[in-house]
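Please read the following notes alongside the model. They are set out as numbered points, each on one topic.

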Amino acid sequence: MFVVSEVIVASNCDLEEAATSGRFRQDLYYRFMPFHLPALRERPKDIEALARGTAAHFTTKFRKELFTISREAMRCLESFPWPGNIRQMENAVQQAVLVSNGSELLPEHLPQSIREHTPPTNGKPHAPPVETLSASIDVVERNFILKALERHGNSRARAAEALGISRVTLYKKMKKYGLMPATLRGQHQAS
């Protein structure tokens, strides 16, 4: 026989006050380990990880070939206040994954209400995405490199071999696409 010894419970009422006033069993209350989880709008630094995890989940579920969320789309997600909390964000990302085409989730895949809320960069309106063959090839190449690195535990030698290029070529391409470890850490700190 299997016995569950841990349960996660969520409540909008003050259980300590309810236990003190007799509306909730004190012996049961003292078995809890209460903690407060702030609303998503109060922890914007969590949005990127949550959005990426949610996108990965729905990418697998819907058998899409989405590999990344563009910086502009992430900016939209991070600047939205999320009155519906995490469920609203999950629904928005799910919708974006469903309507996406290609390997990158872009702002135009997000619901209009989220795009409209995002303030323009440097007071300028959002520029339309570059639709050149060169830019498209760069996006695809960057995503292939990311996936190869991920599949091979960030081993550049194994990723380069899997991609059919030399380590030097991989290094140059990683530098070109901002995929060097120091560059990535700097991008996360700037967010």
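1. Contact here means heavy atoms within 4.5 Å. On that basis, and leaving aside neighbours within four places in sequence, T68 is in contact with R52, S103, E104, L105, R142 and N143. T68 sits in strand 1 (residues 68-69), where helices (H or I, at least four residues) and strands (E, at least two) are DSSP runs numbered from the N terminus. With a relative accessible area of 12%, T68 is buried; buried stands for under 20% relative accessible area, exposed for over 50% and partly exposed for what lies in between, with a 1.4 Å probe and protein chains only.

2. The model is a predicted one, in which local features need pLDDT of at least 70 and side-chain atom pairs count only at pLDDT 80 or more, while totals for chains, interfaces and linings use all residues. Residues are numbered from 1 along each chain as its sequence is written, and side-chain values use heavy atoms, with hydrogens and water left out.

3. As to the overall fold, the chain has 10 helices and 2 strands, which follow one another along the sequence as α-α-α-β-α-α-β-α-α-α-α-α. Of its 191 residues, 27% count as buried, and among contacts between residues at least 6 apart in sequence, 60% join residues at least 24 apart.

4. L77 belongs to helix 4 (residues 71-79) and is buried, its relative accessible area being 1%. Not counting residues up to four places away in sequence, L77 touches I47, A51, W82, V93 and L110. L77 and R115, although 38 residues apart in sequence, are 8.4 Å apart in space, C-alpha to C-alpha.

5. How do helix 8 (residues 156-163) and helix 9 (residues 167-176) cross? Their axes, which are lines fitted to C-alpha atoms over the stretch in contact, with angles running from 0 to 180 degrees between N-to-C directions, come within 9 Å and cross at roughly 100°. Helix 8 is therefore roughly perpendicular to helix 9, given that angles under 35 degrees count as roughly parallel, over 145 as roughly antiparallel, 65 to 115 as roughly perpendicular and the rest as oblique. Helix 8 contributes R156, A157, A159, A160 and L163 to the contact, and helix 9 contributes R167, L170, Y171 and M174. By class, this contact of helix 8 with helix 9 has 7 nonpolar, no polar and 2 charged residues, where Ala, Val, Leu, Ile, Met, Phe, Trp, Tyr, Cys and Pro count as nonpolar, Asp, Glu, Lys and Arg as charged, and the others, Gly among them, as polar.
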